[in-house]
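Please read them beside the coordinates.

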Amino acid sequence: MEESSEALINRDNKKFTRCVSHAQDELQSFRSYLRWMCVDQSNIWTATLSWSMFVLFGIIVPAISHFLLACSTCDSKHKRPYDSVVQVSLSSVASLSFICLSNFVRKYGLKRFLFFDKLWDDSETVRKGYTQQLNRSLKILSIFVLPCFVAESAYKIWWYASGASRIPFLGNVILSDTVACLMELTSWLYRTTVIFLVCVLFRLICHLQILRLQDFATVFHNDSDVGSVLSEHLRIRRHLRIISHRFRAFILWSLILVTGSQFVSLLISTKTNSELNIFLAGELALCSMTLVAALLILLRSATKITHKAQAVTCLAAKWHVCATLDSFEVDNGETPTALAANRQVFPGDSDGEMGGDDETEGEEDDLDNTKFIPAYAYSTISYQKRQALVTYFENNRAGITVFGFTLDRTTLHSIFGVQLALVLWLLGKTINAL
C-alpha cells in the first residue's frame with residue numbers, strides 16, 4: 001500500500017493519473033471514515049443511506065428528544081428549559097454542514113474537492129506536506145469532537161440514571177431509558193462530527209494553499225524569471241478564488257447561525273426568571289462552545305491564508321529593495337559606491353544574526369521573515385521588471401473572500417466590534433429589566 005501511495009504522488013505521473021480514484025490512494029482512510037460516518041455519497045445506495053441517517057439523527061431524534069423527553073414536570077435539576085435552543089442550534093448548523101458537504105462531494109468528487117487532482121504540478125515538498133496534513137486531519141477532528149462527546153455523555157447518563165425519564169415505550173423503563181440515551185448520544189455525536197468535519201476540510205484545503213505560498217516564496221531566493229513568477233502567482237490566486245466561491249455561502253451562513261444561536265442563548269439565560277446552574281445550563285454552554293469552536297476554525301483558517309497571501313507583497317518589495325541597493329553603481333557623477341562595498345551591507349551570515357532572536361525564531365518562515373534576499377536571486381532581472389512585479393502584487397492582493405469581502409484580520413475586528421455592540425445592547429435591555 002505504501003508503494004502505491006508513493007507512486008501516486010510521484011511527479012513523473014501524468015495529469016490524468018491524479019484525476020482517477022484508486023482503491024489504495026491517499027484518500028483510502030478518509031473514504032473509509034466517510035463511509036463509517038454514513039456521509040459517503042459515491043453511489044445511489046450510499047447516498048440514500050447517508051440522507052436517511054441525516055434525517056434520523058439530525059432531525060427526528062432531536063425532535064423526539066425535545067417534545068417527548070423534555071420532562072417539564074421534573075425537579076429543578078432535571079428540567080431542560082434550554083433544550084429547544086440546543087437542539088435547534090445544533091441541527092441547523094449540522095444541516096448546513098451536511099448539505100454543503102453533500103453538494104461538494106457530489107459536484108466535484110472527493111479527489112477534486114480536496115485538490116488532489118492539482119498536485120501533479122506542485123513540488124515534492126507541497127505534495128508530501130499536504131498528504132501528511134490529510135493524515136492529521138482525522139486526529140484534529142477527534143480532538144474537537146471527543147471532549148464534547150465525553151461531556152455530553154456524562155450529562156446524559158446522569159440525567160437518565162437519576163430517573164428523569166420514566167416513559168416505558170419498549171415495555172421496560174430501564175431498556176427504554178437505555179435506548180433513548182444511546183439515540184440522543186448518537187445524534188449529538190453525529191451532528192457535532194458533521195459540523196467539525198466540514199470545518200476541518202476547509203482548514204485542510206487552506207493548508208494546501210499555505211504550502212503552495214511557502215513554496216512560491218522560494219522563487220525570490222533564486223534567479224527566477226518574472227514571467228514564471230507571475231504565472232505561478234496567478235495559479236495560486238485562481239485556486240484561492242475557487243475556494244472562496246465554494247465555501248462563501250457556508251462561511252456566511254455559519255456566521256449568521258452561530259451568532260444568532262449565541263444571542264438567543266444570551267437572551268433566554270439573562271431573563272428575570274431564568275435559572276442558571278450546571279444541571280440546567282450545562283448542555284447549553286457545551287453547545288455554544290462547540291459551535292463557536294467550529295466557527296473559529298473557519299475564520300482562523302481563512303484569515304491565516306489571507307495573511308500569508310498578502311505577505312507575498314512585502315516579500316516582493318523586500319526583494320526589489322535588496323536588488324536595487326545591491327546593484328547601485330556610479331551614475332551621473334554621484335558618489336561612487338563599489339559593488340563589493342554594497343555586498344558588505346548584506347553579509348552572508350547576516351541571516352543568522354538577524355534571525356537569532358529566540359522570541360521570533362518560531363514565527364518566521366519563507367513568506368514572513370526579516371532576512372535579506374541573497375544577491376544571486378535577482379542578478380539577471382532588470383529594475384523595470386522588478387518594479388512591474390511589485391506593482392502587480394500591490395494591486396492584486398490575494399486571499400479568501402466572502403461575496404467580495406476579504407476575510408483578513410481587519411474583517412475579524414469589524415465582526416467582533418459589531419457583535420460586541422449587539423451583546424452590550426442586549427445586556428442593557430435584559431439587565432435593566434431585572
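1. Phenylalanine 403 sits in the loop that joins strand E1 (401–402) to strand E2 (405–406). Helices (H or I, at least four residues) and strands (E, at least two) are DSSP runs, numbered from the N terminus. The phi of phenylalanine 403 is positive, near 55°, in a residue other than glycine. Its relative accessibility of 47% makes it partly exposed, where buried means under 20% relative accessible area, exposed over 50% and partly exposed in between (1.4 Å probe, protein chains only).

2. Some remarks on the source of the values. The model is predicted, so local features need pLDDT of at least 70 and side-chain atom pairs count only at pLDDT 80 or more, while totals for chains, interfaces and linings use all residues. Residues are numbered from 1 along each chain as its sequence is written, and side-chain values use heavy atoms, with hydrogens and water left out.

3. Phenylalanine 115 also deserves a look. Its phi is positive at about 65°, although the residue is not a glycine. Most residues other than glycine have a negative phi. Phenylalanine 115 is placed in the loop between helix H6 (110–113) and helix H7 (124–161), and at 3% relative accessible area it is buried.

4. For the chain as a whole, the secondary structure comes to 14 helices and two strands. Of the 434 residues, 45% are buried. Contact means heavy atoms within 4.5 Å; among contacts between residues at least 6 apart in sequence, 81% join residues at least 24 apart.

5. Helix H4 (residues 44–69) has 26 residues.

6. The buried residues of H4 include Phe54, Phe57, Val61, Pro62 and Leu69. The partners against which the buried residues of H4 pack are helix H5 (83–108), H7 and helix H8 (173–216).

7. H5 has 26 residues and runs 37 Å from its first C-alpha to its last, close to the 38 Å expected at 1.5 Å a residue. Most of H5 is covered, with 19 of its 26 residues buried. Serine 89 belongs to this helix and is buried at 7% relative accessible area. Leaving aside neighbours within four places in sequence, serine 89 contacts Ser261, Cys287 and Leu291. Glycine 109 follows H5 and has a positive phi, near 85°.

8. The end C-alpha atoms of H8 are 64 Å apart, which agrees with the 64 Å that its 44 residues should span at 1.5 Å a residue. In H8, 31 of the 44 residues are buried, so the helix is largely enclosed by the rest of the structure.

9. Valine 126, in helix H7, is buried at 2% relative accessibility. Not counting residues up to four places away in sequence, valine 126 touches Leu208, Leu211, Arg212 and Asp215. The C-alpha atoms of valine 126 and glutamine 209 are 9.2 Å apart, although 83 residues separate the two in sequence.

10. How many disulfides does the structure hold? There are zero, taking a disulfide as a pair of cysteine sulfur atoms within 2.5 Å. Cysteine 181 is buried at 10% relative accessibility, and cysteine 206 is buried at 1%.

11. A search of the whole structure finds 17 aromatic pairs. One of them, tyrosine 392 with phenylalanine 393, is tilted, at 5.5 Å centre to centre and 55° between the planes. Rings of Phe, Tyr and Trp (its six-membered ring) pair if their centres lie within 6.5 Å; planes under 30 degrees apart count as stacked, over 60 as edge-to-face and the rest as tilted. Tyrosine 392 is buried at 15% relative accessibility, and phenylalanine 393 is buried at 1% relative accessible area. Ring pairs link Phe216, Phe220, Trp319, Tyr392 and Phe393 into a cluster.

Notes:
The expected span of a helix is 1.5 Å times one less than its number of residues.
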